[in-house]
Amino acid sequence: MLLIVNPISGKGKAGKYLPDMEKRFKEADYEVKTVLTEKERNAYHILCEETESFDVITCVGGDGTLKETATAIIEKGIDTPIGYVPMGSTNDFARSMNIPRGNVMAAVENIIKGNPKPVDIGRFNGENFIYIASFGNFTSSSYTASQKLKNAIGRTAYYLPIVKEFFHMKGFHARVEADGETFEDDWFVGGATNSYGVGGMPVLHNIGVEFDDGLHELVLVRMFKNIGEALSFIKAMATKDFINSPLVTIRHCDDIKFYFDTPTDFTLDGEFGGSLTYAEAKTLKHAVKIIVA
């Protein structure tokens with residue numbers, strides 16, 4: 001097993017769990033090679049440099065570490081299963097895949113006792129994403145929150161920029177083409193997802209998400225035209241009835257194109273994805289194997 005650890009993840013606690021993780025994997029008859037990520041040598045670079053063959057590649061960190069691991073595996077053309085010990089601030093993907101969060105050793109047991117599951121990955125203007133590529137209000141909060149703040153207070157760090165941005169909400173005009181259908185409006189938020197939730201909120205759990213069907217979910221929320229629409233949408237979010245809001249458009253599709261009048265910021269798995277007037281999200285079916293219970 002190759003064990004890739006982001007030592008600053010999990011509020012800086014990932015490194016502290018390392019001896020226990022190594023011990024348990026060895027008890028389960030794994031030969032373990034451990035490598036720590038660094039600022040200039042992340043999981044992607046480590047895997048690209050690695051020439052040994054492994055039965056399992058386990059990454060310990062947040063969604064970004066998982067994305068780097070998956071990208072390297074795809075580019076190397078190997079099908080080695082990925083074990084994931086989530087230690088990020090939100091862990092939306094782990095929540096969707098029912099991988100234990102907040103309990104490192106439970107996640108380790110999940111890897112030891114689980115089985116590889118084929119999972120689709122997104123491709124966005126030539127870059128991979130694990131579970132979301134999005135634009136609109138509040139989407140920048142995931143990458144504008146500082147790492148120090150995320151380490152200190154966890155998921156709450158994402159919500160602080162949202163409070164500030166709340167008073168500057170606007171519509172983002174875009175034409176969106178999805179497998180032959182066209183949608184054009186001013187959008188509150190939109191994007192391609194393969195997840196039950198975003199920002200730690202499981203609001204997409206009932207929209208028909210399948211992680212291995214070769215499709216992503218297009219989610220578009222029309223910008224509110226009045227306070228009544230805004231309150232209606234907030235109620236739909238609070239009651240987890242997101243799918244039935246009249247402001248929401250959802251499609252299951254393979255190829256999604258976004259056209260904007262002006263450069264618009266995107267986020268990919270919580271990181272800045274560029275300021276773009278055109279973007280295309282496609283699905284890489286069964287691109288990687290993730291170990292799940």
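Visitor: Over how many bridges do E8 and strand E12 pair?

Guide: This is a predicted model, in which local features need pLDDT of at least 70 and side-chain atom pairs count only at pLDDT 80 or more, while totals for chains, interfaces and linings use all residues. Residues are numbered from 1 along each chain as its sequence is written, and side-chain values use heavy atoms, with hydrogens and water left out. Strands (E, at least two residues) and helices (H or I, at least four) are DSSP runs numbered from the N terminus, and two strands pair if DSSP finds at least two bridges between them. Arginine 175 stands opposite tyrosine 259 in E12, and E8 pairs with E12 (residues 255–268) in the antiparallel sense, the number of bridges being five.

Visitor: Which residue in E9 is the bridge partner of valine 176?

Guide: E8 and strand E9 (residues 181–193) run antiparallel and are joined by seven bridges. In their hairpin, which has two residues between the strands, aspartate 179 takes a positive phi near 45 degrees. The bridge partner of valine 176 in E9 is phenylalanine 183.

Visitor: Which residues form the uncovered face of strand E8?

Guide: In a regular strand the side chains alternate between the two faces of the sheet. Strand E8 (residues 172–178) has a covered face of Phe172, Ala174, Val176 and Ala178, and its uncovered face consists of His173, Arg175 and Glu177.

Visitor: Is valine 56 buried or exposed?

Guide: Valine 56 lies in the loop between helix H2 (43–49) and strand E3 (57–61). Buried means under 20% relative accessible area, exposed over 50%, and partly exposed in between (1.4 Å probe, protein chains only). Because its relative accessible area is 6%, valine 56 counts as buried.
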